[in-house]
Amino acid sequence: MKHLVLLGALLAATAAAAQPVQPMPTASMPVSDILASAPHRDISNVLITARVATPNGTSGFYRGTRFDQTGVITSLKLNGREFYGPWFDATAPEVLDYTYDASGQLVAGPDSAISGPVEEFAPIDFTPTPGSHFVKIGVGILYQPDSAPYDHYRHYKILDGGQRVTRITPRSSTFIQTVNDAGIAYVYTKTLELVPGRTQLVISHSLQNTGKTAINTTVYDHNFLRLKSGDDAIRISFPFPIAAADPPPDGLMRIWGNMLTYLRPMKPKERISFPVTGFGAGAQDYDFRVTDTSTGASVHVTGDQPLTRVNIFSIDKVQSVEPTIAIDLAPGREKRWTYRYTFTAPKS
């Protein structure tokens with residue numbers, strides 16, 4: 001039940017902060033400059049080559065406090081086909097989420113300027129009390145400066161990012177974060193591994209509660225997928241019949257049985273975000289496939305945890321299926337979970 005409250009609070013914050021009205025940024029930094037200067041490691045299993053950004057504070061690729069800062073993929077290619085990469089053109093510190101400048105460039109704020117299959121944990125021990133602090137797994141201990149509710153588009157001061165260790169092999173990247181707060185303490189390990197001889201990426205996690213307080217949170221994967229510009233002819237399929245209480249217009253997307261299909265290209269500045277239902281209580285429903293029906297390129301994603309929510313998000317530059325799972329971890333206990341991504345791309 002606690003994780004449902006946390007999920008509700010995060011969803012309320014998301015709704016309140018969705019596409020805030022904001023002034024046009026006065027200056028921005030091209031994402032190409034950030035990619036050129038940010039530290040990274042390349043991993044490969046011969047079939048797939050991926051570039052993984054390494055956390056590095058204010059000089060890393062991702063510098064925000066919304067998403068888990070570890071294991072950020074800025075490129076993944078199979079047969080010359082790019083699946084991920086930045087969906088924004090530039091960044092500016094004053095932007096919340098994203099906006100557009102006078103030239104039509106998409107400018108992302110620091111807390112949304114990320115790429116690939118990234119994860120966002122709900123805040124732990126957040127209270128709207130000035131001078132208090134709270135925890136986000138994969139980020140650290142954050143400072144709450146005022147009485148405003150939590151807003152994941154807002155940039156929070158990091159009081160302690162924890163102890164971090166990075167381990168690299170030719171096919172994998174492992175990131176370990178150790179945080180010790182007053183009450184909340186954990187060791188979080190995340191590994192990205194390309195499976196030998198297969199077009200598959202495995203993202204495995206371990207969370208050890210080393211503190212004296214239970215850890216109750218949720219985590220979803222945003223899955224910033226750049227399978228096709230405009231998203232037209234994209235089909236998303238699930239192993240269960242789906243329904244949407246607030247679907248997009250019929251001319252944009254068709255929902256039928258267990259599938260969603262984009263019927264036309266999304267227009268510049270057009271945006272959709274809506275939840276789908278129909279999944280059951282078992283982990284077997286953490287299973288979806290996104291296919292570009294015009295080329296046959298696809299990614300098939302499975303997880304080993306039950307779903308608590310699934311959201312669909314799209315703009316013209318990126319498409320996302322966002323599955324959420326719950327984490328309820330007593331002191332001294334450990335939770336492990338894994339996602340598998342299987343990629344398909346015809347040889348060019």
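The questions and answers below concern a predicted model of one protein.

Q: How many helices and how many strands does the protein have?
A: In this predicted model, helices and strands were counted along the protein. The count comes to 2 helices and 26 strands.

Q: What radius of gyration does the protein have, and what does the globule rule give for 348 residues?
A: The C-alpha atoms of the protein fill a box of roughly 55 × 45 × 45 Å, taken along the principal axes. The protein is as compact as a globular protein of its length, because its radius of gyration is close to the value of the globule rule for 348 residues.

Q: What share of the 348 residues is buried?
A: A residue counts as buried when its relative accessible area is under 20%. The protein exposes about 14400 Å², of which carbon and sulfur atoms supply 54%. Of the 348 residues, the buried share is 52%.

Q: Which strands stand at the edges of the open sheet of 4 strands?
A: The open sheet has the order E2-E3-E4-E5, with antiparallel pairing. Two of its strands each have a single partner strand, so one side of each is left without a neighbour in the sheet. These edge strands are E2 (40-44) and E5 (81-82).

Q: Which residue in E5 is the bridge partner of Lys77?
A: Strand E4, residues 72-78, runs antiparallel to E5, and 2 bridges join the two strands. In E5, the bridge partner of Lys77 is Glu82.

Methods
Residues numbered from 1 in each chain as written. Predicted model: local features only at pLDDT ≥ 70, side-chain atom pairs only at ≥ 80, totals over all residues. Heavy atoms only, no water. Pairing = 2+ DSSP bridges. Rg over C-alpha atoms; globule rule 2.2 N^0.38 Å. Buried < 20%, exposed > 50% of the residue type's maximum accessible area, 1.4 Å probe, protein only. Areas by Shrake-Rupley, 256 points an atom, 1.4 Å probe, with all protein chains shown as cover.
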